[in-house]
Amino acid sequence: MNPVNYLYLSALLFTIGAAGVLIRRNAIVVFMCVELMLNACNLAFVTFSRLQGNLDGQVIAFFTMVVAAAEVVVGLAIIVSIFRSRHSASVDDANLMKL
Amino acid sequence: METLIGLLVAAPLLGAGILLTGGRRLDRVGHLLGTLLALVSFVLGVVLFTNMLGKDGDARALHSHLFTWVPVEGFRADVGFQLDQLSMTFVLLITGVGTLIHIYSIGYMAHDERRRRFFGYLNLFLAAMLLLVLADNYFLLYAGWEGVGLASYLLIGFWQHKPSAATAAKKAFLVNRVGDIGLSVAIMLMFTTFGSFAFADILPRAADASTTQHATITGIGFMLLLAACGKSAQVPLQSWLGDAMEGPTPVSALIHAATMVTAGVYLITRSGAIFNAAPDAQTAVVTVGAVTLLYGAIVGCAKDDIKKALAGSTMSQIGYMIMAAGLGPIGYVFAIMHLVTHGFFKAGLFLGAGSVMHGMNDEVDMRRYGGLWRHMPVTFVTFGLGYLAIIGFPGLSGFFSKDKIIEAAFAKGGTEGWILGGAAMLGAAITAFYMTRVMLMTFFGEKRWVPDADGHEPHPHESPSSMTIPMIILAFGSVFAGGLFTLNSSFLKWLEPVTGHSEGDSPVSTATVTTGTMVVLVLGVGLAWLMYGRRSVPATAPRGSLLTRAARRDLLQDDINHVVLVRGGEHLTRSLVYLDHSLVDGVVNGTAASVGGLSGRLRKLQNGYVRSYAVSMLGGTVVLVAATLLMRAV
């Protein structure tokens, strides 16, 4: 199968993720959409790795996974603590940081 | 001998220091101490004078270098004195007349509780004036010049509780500042041109200056003239002199006879070499002198205030001196000679006026005098001798000195000579008129006395001897000084080594000039007698012609100053303030307001919604990626 199709899929997934981040209010869903974008990127990297015939893309994909895992830990912790204090997981409710 | 020169200045300066810092405990002896120190200065002057007489004409100058005031590389200002015949003449006049005025003030200011302070200021005045005439460089002369300005300010405004006196003092100070700017600019020009302040460096080199320096020297001459105009109350800076009459009468005598107004004549005579090298500046000097001598005389004719009439007369007489000084070597000696004789008779006249006021409850309006000769015989006789001297009665001081100036004016030659001579002659006629008017209104005619504001009837009486003795001494000077100076041309021989002298060739003979002045003298006196002697003097001033009304207002000098300078200045500052508010503040405030408005809009972007931040991040990324791609495509 033509590897470029993977790139199309990757772009589609990234767009869905970005749209989710911009549109959804639930912090968990927004968070999942971020993960979706990261994984779309991973897919693109792996595809490029395949197209180029070297392993650079795959290495970066591993890095991304590590970073994503760390991010999940911190992000979920923040979301949980916000939920505890405000009884809501909506990102629009947490809008104190403004002028 | 040289050390005595320093003491000459130090004595009155010490007096001023002691009297002004000593406080109340000196109140009882302050006036005596002040007079004593003035006398000490006079005695020192006489000692130096006799010493000087014992030497040859060219070897008479003494120099005394005290210390270097500003010792900077490339700039050196010294404190040093130079006592030559010109300075000596001034020293004797200043300290002699000054001492007499001190003695007179003891009686005149007897009832003033601030008398000690008054004597402190008088001493300061003498010290500053002595510094001015003894300095051997322009830098130190400037210090004396400013000191004179300060002392005159303090003395004119001595009765500072009167708003008119405070205003007059301020006016004198401000008008003098205008002249002072002239002197400071002249000194700076001299320094850049000749690299020194000393007379000994500047004056000889001014005479043989190259053509490129010629314009600068003319400029220096004009600036010196401006300075002289300020101090000597010459047109156009004469407006302060009339108002300066607000000070106590001895101050007027001191300002008009010995110090202050003579400074301008001294400056021009001392800087003679500069003026000789700048004929344009000399023309300006004689023009100023001639205009002022007529101007002052006309003003003097219209004033009913005895002191202001005398002030107009001073302005006019100083005009004669400035004119003579502007004539160059033909006139310098006569300018100084008239200055000295004028010092005697004008001091005498002012002290006489003060004595009259003393007896008349401080009334100054001559329309309320009349018939005083019977009640104040000494004042009458001394004032009368001063009067005869100033109008140039044959044989008295003014006759000799003024005739010489008129002769020198004719000797200038050409049309200029005729114009100047004619102006001087006309001035002599007007002088005779207004002085006769003063004399007749004050001492003759019927009594027109009125009670003062508190209802006290005036009881005119002769003043105490501390006041009459100085008047008598000055009257002697008024009578004999001129004759003594002219005898064997002694004054000419005395001053010639310093100022130089040349006989001009006059188109009219000495006899003609003398006859002419006698004719105008008789005309002036006769006209005044017809108007004020034969007819009775009305108690209120008649409306008078247009010229009379203008002259009463100092020929509209104050009005012109008000319209041109005060209003003009106001409009200028108003428009500058408007510009500042609208333009400068507009730009500054406008910038601040637009930045504030813009940031007000921008902060709306900071709305606290995570998703809108995400939009801007995405938008930014898209723009960056698009830009990168576009760049690559290109």
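Predicted model: local features only at pLDDT ≥ 70, side-chain atom pairs only at ≥ 80, totals over all residues.
1. **Extent of the interface.** Chain B meets chain A through eleven residues of its own and twelve of chain A. About 1,000 Å² is buried between the two chains. Carbon and sulfur atoms give 62% of that area.

2. **Polar links across the interface.** One salt bridge is counted between chain B and chain A. It joins the side chains of B:Arg611 and A:Asp92, with N to O at 2.5 Å. On the side of chain B that touches chain A, six residues are nonpolar, three are polar and two are charged.

3. A:Arg25 forms a salt bridge with A:Asp92, and their closest N and O atoms are 3.1 Å apart. The two residues are 67 apart in the chain. A:Arg25 sits in the loop between helix H1 (4-23) and helix H2 (27-52) of chain A. A:Asp92 belongs to the segment after helix H3 (56-86). So A:Asp92 pairs with B:Arg611 and with A:Arg25, and A:Asp92 is itself buried because its relative accessible area is 14%, under the 20% cut-off.

4. **Salt bridges overall.** Over all chains, the structure holds 14 salt bridges. One network of them links B:Glu146, B:Arg177, B:Asp180 and B:Lys231. Two further pairs in chain B deserve a look, and they are taken up in the next points.

5. **B:Asp84 with B:Arg270.** The closest N and O atoms of this salt bridge are 2.8 Å apart. B:Asp84 lies in the loop between strand S2 (75-83) and helix H3 (85-108) of chain B, while B:Arg270 is in helix H11 (residues 261-270), so the pair ties together parts 186 residues apart in sequence. Both B:Asp84 and B:Arg270 are buried.

6. **B:Glu246 with B:Lys162.** These side chains meet in a salt bridge at 3.5 Å, N to O. Again distant parts of the chain are linked, 84 residues apart. B:Glu246 is in the loop between helix H9 (239-243) and helix H10 (249-258) of chain B. B:Lys162 is in the loop between helix H5 (138-156) and helix H6 (163-194). Are these two residues buried or partly exposed? B:Glu246 is partly exposed, at 22% relative accessible area. B:Lys162 also counts as partly exposed, at 30%.

7. **Helix H10 of chain B.** This helix is mostly covered: ten of its ten residues are buried. Among them are B:Thr249, B:Pro250, B:Ser252 and B:His256. The buried set also includes B:Val251, B:Leu254 and B:Ile255. After the helix comes B:Met260, which has a positive phi, near 60°.

8. **Cysteines.** How many disulfides does a search of the whole structure find? Zero, over all chains. A:Cys33 is buried, at 11% relative accessible area. B:Cys301 likewise counts as buried, at 16% relative accessibility.

Technical notes
Residues numbered from 1 in each chain as written. Chains lettered and ligands numbered in written order. Heavy atoms only, no water. Disulfide = S-S within 2.5 Å. Buried < 20%, exposed > 50% of the residue type's maximum accessible area, 1.4 Å probe, protein only. Contact = heavy atoms within 4.5 Å. Buried area = accessible area lost by both parts, 1.4 Å probe. Salt bridge = Lys/Arg side-chain N within 4 Å of Asp/Glu carboxyl O. Nonpolar A, V, L, I, M, F, W, Y, C, P; charged D, E, K, R; others polar. Helix = DSSP H or I, 4+ residues; strand = E, 2+ residues; numbered from the N terminus.
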